Amino acid sequence: MRVKVKVDNGWCWVYNGSMKIEFGLMSILSTALLAILMLIPTGSISINTIDLSVRINSDSVSLGFHPTFICHADTDGLPLGACFGNVVIVNANVPDTHMPRLIDHESRHLEHWKALGEFTWVARYILTLEPSYVDWRNSSIELAEMWKPPHGWPDRWCWLRVKYCLI
Ligand SMILES: [Zn+2]
């Protein structure tokens with residue numbers, strides 16, 4: 001890895017360690033989904049959260065960047081809400097009184113994808129990712145039933161991670 005360093009009389013390149021950029025298949029697929037959703041003329045996309053993380057080990061430092069998005073679109077005929085990776089799609093025609101519960105539900109799925117990565121697809125057979133009961137006016141009941149990553153759980157997936165090896 002070469003690093004540009006400012007010195008008294010200009011810049012110089014320092015060769016040390018190596019840099020690794022992690023932007024895997026899930027990141028590519030979720031970004032492609034987001035790009036497709038941007039093409040829907042009646043839809044709107046907003047940033048839901050932006051998670052920044054820093055991991056420091058004895059031999060490396062890595063920075064994680066994980067944005068999540070919510071897309072409101074006319075998806076009549078499809079499920080009211082869906083989530084893949086860091087992208088949530090909700091039917092824009094859902095009444096305002098029901099929308100908070102739907103967003104809460106899909107936001108929990110965002111946590112699932114971040115915590116489990118591609119294993120989310122198979123985890124549904126082991127963990128309770130979907131609730132058995134839904135109260136449209138109160139999301140707390142279903143959120144209590146839906147699996148939540150325990151505190152300290154090592155996230156399996158981060159949308160973009162830049163790792164700099166010190167050695
Ligand atoms: Zn669900």
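A: The buried residues of H2 pack against E5, E6, E7, helix H3 (120-123) and helix H4 (140-145). Here a residue is buried if 20 or more other C-beta atoms lie within 10 Å of its own, exposed if 12 or fewer and partly exposed in between, with C-beta atoms placed from the backbone. Helices (H or I, at least four residues) and strands (E, at least two) are DSSP runs numbered from the N terminus.

Q: Before we go on, what sort of model is this, and how are residues numbered?
A: This is a predicted model, in which local features need pLDDT of at least 70 and side-chain atom pairs count only at pLDDT 80 or more, while totals for chains, interfaces and linings use all residues. Residues are numbered from 1 along each chain as its sequence is written.

Q: OK, which residues of H2 are the buried ones?
A: They are Arg-101, His-105, Glu-106, Arg-108, Leu-110, His-112, Trp-113, Lys-114 and Leu-116.

Q: And what span should H2 have?
A: At 1.5 Å a residue, the 18 residues of H2 should span 26 Å, and its end C-alpha atoms are 26 Å apart, which agrees; the expected span is 1.5 Å times one less than the number of residues. H2 is followed by Gly-117, whose phi is positive, near 60°.

Q: What does Trp-113 touch?
A: Not counting residues up to four places away in sequence, Trp-113 touches Cys-83, Gly-85, Asn-86, Thr-120 and Trp-157, where contact requires C-beta atoms, placed from the backbone, to lie within 7 Å.

Q: Which residues touch the most other members of the largest nonpolar core?
A: Of the 14 residues in that core, Phe-69, Ile-70, Cys-71, Val-87, Val-88, Ile-89 and Trp-113 touch the most other members. The elements that give two or more residues to this core are strand E5 (60-73), strand E7 (87-91) and helix H2 (99-116), and the largest share, four residues, comes from E7. A nonpolar core means a set of buried Ala, Val, Leu, Ile, Met, Phe, Trp, Tyr and Cys residues joined through C-beta atoms within 7 Å.

Q: Why is E7 largely enclosed?
A: Four of the five residues of E7 are buried, so E7 is largely enclosed by the rest of the structure.

Q: How does E7 pair, parallel or antiparallel?
A: E5 and E7 run parallel and are joined by five bridges, with Ala-73 standing opposite Asn-91 in E7. Strand E6 (residues 81-84) and E7 run antiparallel and are joined by four bridges, and the bridge partner of Phe-84 in E7 is Val-87. Two strands pair if DSSP finds at least two bridges between them.

Q: What about Gly-85, buried or exposed?
A: Gly-85, in the loop between E6 and E7, counts as buried, with 26 C-beta neighbours inside 10 Å. The hairpin of E6 and E7 has two residues between the strands, and Gly-85 takes a positive phi near 60° there. Leaving aside neighbours within four places in sequence, Gly-85 is in contact with Met-26, Leu-29, Ser-30 and Trp-113.

Q: Switching topic, where is Glu-22, and what does Glu-22 touch?
A: Glu-22 is found in strand E3 (residues 18-22) and is partly exposed, with 14 other C-beta atoms within 10 Å. Not counting residues up to four places away in sequence, Glu-22 touches Arg-161 and Lys-163. The C-alpha atoms of Glu-22 and Cys-158 are separated by 8.4 Å, although the two are 136 residues apart along the chain.

Q: Finally, how many helices and strands does the protein have?
A: The protein has four helices and eight strands, and 19% of its 167 residues count as buried.

Definitions and conventions:
Contact = placed C-beta atoms within 7 Å.
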